Amino acid sequence: ALATPLEASVDASAYHGFWLWSATRHQPVLEQASTLYLHQGEIGPLDGRQPVRFQGQGIAPSKLPVKELWLAYRVERLDWGDTLLQNLENQLAAWQRKGNEVRGIQIDFDARTHQLADYGHFLRKLRQQLPARYAISITGLLDWTRTGDIRELNALTGVVDELVVQTYRGRHTEPGYARYLQTLHRLTLPFKLGLAQGGEWD
């Protein structure tokens, strides 16, 4: 008889970097975090007929016991104006005033794979507008490195400080995730892998 291989499960206690999205319950494992990506708002709506707006979410600025703090934003629109940028800078400054080591912002935007060039144009403009002391992190879809133009991603070196590849959809690991990971060796842009707590991982 063939032995059934065990599905490895992601145990959060083995890690020190976490996302904390608004409406997520606090877990004791967060106390071991050295890096925290903290959800702080939404930028939308998706309907382009309506004006783009920033909606603050998540906890209020306070001193957090982490070495590195990123403020994360779920983004549906890229037509940002000066007021929106000022809102982000105000939030970054507010968290810094509380004594946190604020590394920068993370943009969670699901750019379509064939539109990576347009996204890159937005990110270059943002890099020019955001104070240089703040880094830029972006989340990325698994499909970007498999069917997207790797050159477009690598061209963001020096614009974006890191790419965090999401290996999940919703709360579950993307089926067949391993076949996507084999293309990551072509990236020269610094990257991390984002895992779903309790998800499959080998």
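Reply: Let's start with helix 1, residues 82–97: its 16 residues reach 22 Å from the first C-alpha to the last, close to the 22 Å expected at 1.5 Å a residue. (That expected span is 1.5 Å times one less than the number of residues; helices are DSSP runs of H or I with at least four residues, strands are runs of E with at least two, and both are numbered from the N terminus.) This is a predicted model, so local features need pLDDT of at least 70 and side-chain atom pairs count only at pLDDT 80 or more, while totals for chains, interfaces and linings use all residues. Residues are numbered from 1 along each chain as its sequence is written, and side-chain values use heavy atoms, with hydrogens and water left out.

Which residues of helix 1 are buried? They are Leu84, Leu85, Leu88, Gln91, Leu92, Ala94 and Trp95. (Buried means under 20% relative accessible area, exposed over 50% and partly exposed in between, with a 1.4 Å probe and protein chains only.) An α-helix has 3.6 residues a turn, so residues three or four places apart point the same way. The cover over the buried residues of helix 1 includes strand 2, strand 3 (53–56), strand 4, strand 5 and helix 2 (116–129); contact here is heavy atoms within 4.5 Å. After helix 1 comes Gly99, with a positive phi near 95°.

Tyr37 and Trp70 are stacked, with 5.8 Å from centre to centre and 15° between the planes. (Rings of Phe, Tyr and Trp, the last by its six-membered ring, pair if their centres lie within 6.5 Å; planes under 30 degrees apart count as stacked, over 60 as edge-to-face and the rest as tilted.) Tyr37 is in strand 2 (residues 35–44) and Trp70 in strand 4 (residues 68–75), so distant parts of the chain, 33 residues apart, are linked. Tyr37 and Trp70 are both buried.

Strand 4 has a charged link too. Arg74 forms a salt bridge with Asp108, with the closest N and O atoms 3.6 Å apart; the term asks for a side-chain nitrogen of Lys or Arg within 4 Å of a carboxyl oxygen of Asp or Glu. Because Arg74 lies in strand 4 and Asp108 in strand 5 (residues 102–108), the pair ties together parts that are 34 residues apart in sequence. Arg74 is partly exposed at 22% relative accessible area, whereas Asp108 is buried at 7%. Asp110 joins Arg74 and Asp108 in a network of salt bridges.

Stepping back, the largest nonpolar core holds 52 residues, and Leu36, Leu69, Trp80, Ile107, Tyr119, Leu123 and Ile138 touch the most other members. (Such a core is a set of buried Ala, Val, Leu, Ile, Met, Phe, Trp, Tyr and Cys residues joined through side-chain atoms within 4.5 Å.) A second, separate core of seven residues includes Tyr37, Trp70, Ala135 and Val164. Leaving aside neighbours within four places in sequence, the contacts of Ile138 include Ile107, Tyr119, Leu123, Trp144 and Val164. Tyr119 and Trp144 also belong to one aromatic cluster with Trp80, Phe109 and Phe122.
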